[in-house]
Amino acid sequence: MREEEKKPTSTIRRILKQRWALSAIYIASAAIILAAAFLLQNSFNDSAKDGKEESAETGKNYGEPSVEVNSNLETIKMPVADADKSVIKKQFYDVNADEKAQEEALVFYNNRYEQNKGIDIAMEDGKSFDVKASLSGNVTKVQDDALLGNLVEVEHEDGVVTRYQSVKDIKVAVGDKVKQGQAIATAGKSQINEEAGVHVHFEIRKDNIALNPLDFVDKQASAIQSATEADKEETPAVEGSEADKETPAVEGSEADKETPAVEGSEADKEETPAVDETDESTDLESGTDEEGSVPGEDTTEESDSLKDSLNQSN
């Protein structure tokens with residue numbers, strides 16, 4: 001009995017004593033591990049692929065829209081670090097303001113008056129200061145201009161552009177993305193508005209139309225879009241179309257009908273040149289004058305009738 005129990009163990013030992021035994025065990029173990037790893041990797045890739053397909057719609061254009069939406073929801077700020085210590089040297093020219101306010105918003109340069117299309121901001125102490133980005137956006141223009149005092153333009157969503165003029169030591173370049181409150185330049189001077197001293201000329205434009213910045217400070221950028229849409233719905237388009245319909249076309253057509261054609265025809269009818277010519281021509285063609293006699297037969301017929309009467313009397 002003991003000899004039979006020892007046979008299996010002795011067989012395993014004999015196999016293990018072979019030179020190839022350990023190598024075979026290592027290779028088999030490696031094959032099993034590699035197969036297991038391959039199966040696990042395939043199952044992981046399948047699950048990851050399914051997750052990507054499910055979130056494909058929600059993850060489309062990830063990153064880009066979020067920047068646009070967030071910038072449109074930003075609150076418009078003054079382009080200075082401390083607005084409480086700033087003063088406005090010249091206001092925006094508002095067509096609806098009174099005459100005095102409009103006169104104060106005019107810029108005089110080179111014997112000409114120009115409407116101020118923004119606001120000129122300076123510090124109370126007259127010193128220079130950092131010009132901050134009023135909204136986040138992309139820098140689209142950086143221009144050296146002695147007359148305007150250099151300028152920087154930043155483009156935002158929905159055709160909104162903020163412009164910073166009369167600046168120096170510009171810290172950004174075209175193509176840069178700036179965040180709200182980021183320093184983009186330093187306040188300077190300009191030739192067109194020397195009386196303002198060290199200042200920054202700040203503009204807000206929508207589709208290249210200048211707006212009053214003070215109407216939108218501390219409001220969301222989306223308020224610009226709402227305000228411009230409201231202005232379009234009020235009077236400009238309707239009044240222009242009504243004027244075009246009422247005055248030019250109708251008055252012109254009535255004038256054409258009333259005066260040129262009718263008066264010309266009446267004058268032609270009332271005057272007699274054409275009628276007289278035709279009457280005279282018909283008279284000449286028929287060979288009669290106004291009294292009904294024939295000019296060519298007056299002498300001959302009268303002489304013949306006299307001769308006949310004399311002959312009859314004889």
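Is Asp-169 buried or exposed in this predicted model? Asp-169 is exposed, with a relative accessible area of 52%. The close-ups below start there.

**View A. Asp-169 in the loop between β9 and β10.** Asp-169 is not a glycine, yet its phi is positive, at about 50 degrees. Its relative accessible area of 52% counts as exposed because the cut-off is over 50%.

**View B. Asn-208 in the loop between β12 and β13.** Strand β12 covers 200-206 and strand β13 covers 209-211. Asn-208 also has a positive phi without being a glycine. The value is about 65 degrees. Asn-208 counts as exposed, at 61% relative accessibility.

**View C. The ring pair of Phe-108 and Tyr-113.** A pair of aromatic rings is described by the distance of the centres and the angle of the planes. The count of aromatic pairs comes to two. For Phe-108 and Tyr-113, the ring centres are 4.7 Å apart. Their planes meet at 50 degrees, so the pair is tilted. Stacked would need planes under 30 degrees apart, and edge-to-face over 60. Phe-108 is partly exposed, with a relative accessible area of 45%. Tyr-113 counts as exposed, at 59%.

**View D. A nonpolar surface patch made by Leu-22, Ile-25 and Tyr-26.** The patch has an area of about 330 Å². Ile-25 is found in helix α2, which covers residues 19-54. Ile-25 is partly exposed, with a relative accessible area of 41%.

Notes. Residues numbered from 1 in each chain as written. Predicted model: local features only at pLDDT ≥ 70, side-chain atom pairs only at ≥ 80, totals over all residues. Heavy atoms only, no water. Patch = residues over 30% accessible without salt bridge, like charges linked within 9 Å, V, L, I, M, F, W, Y side chains within 5 Å. Areas by Shrake-Rupley, 256 points an atom, 1.4 Å probe, with all protein chains shown as cover. Salt bridge = Lys/Arg side-chain N within 4 Å of Asp/Glu carboxyl O. Helix = DSSP H or I, 4+ residues; strand = E, 2+ residues; numbered from the N terminus. Buried < 20%, exposed > 50% of the residue type's maximum accessible area, 1.4 Å probe, protein only. Phe/Tyr/Trp six-rings, centres within 6.5 Å; stacked < 30°, edge-to-face > 60°.
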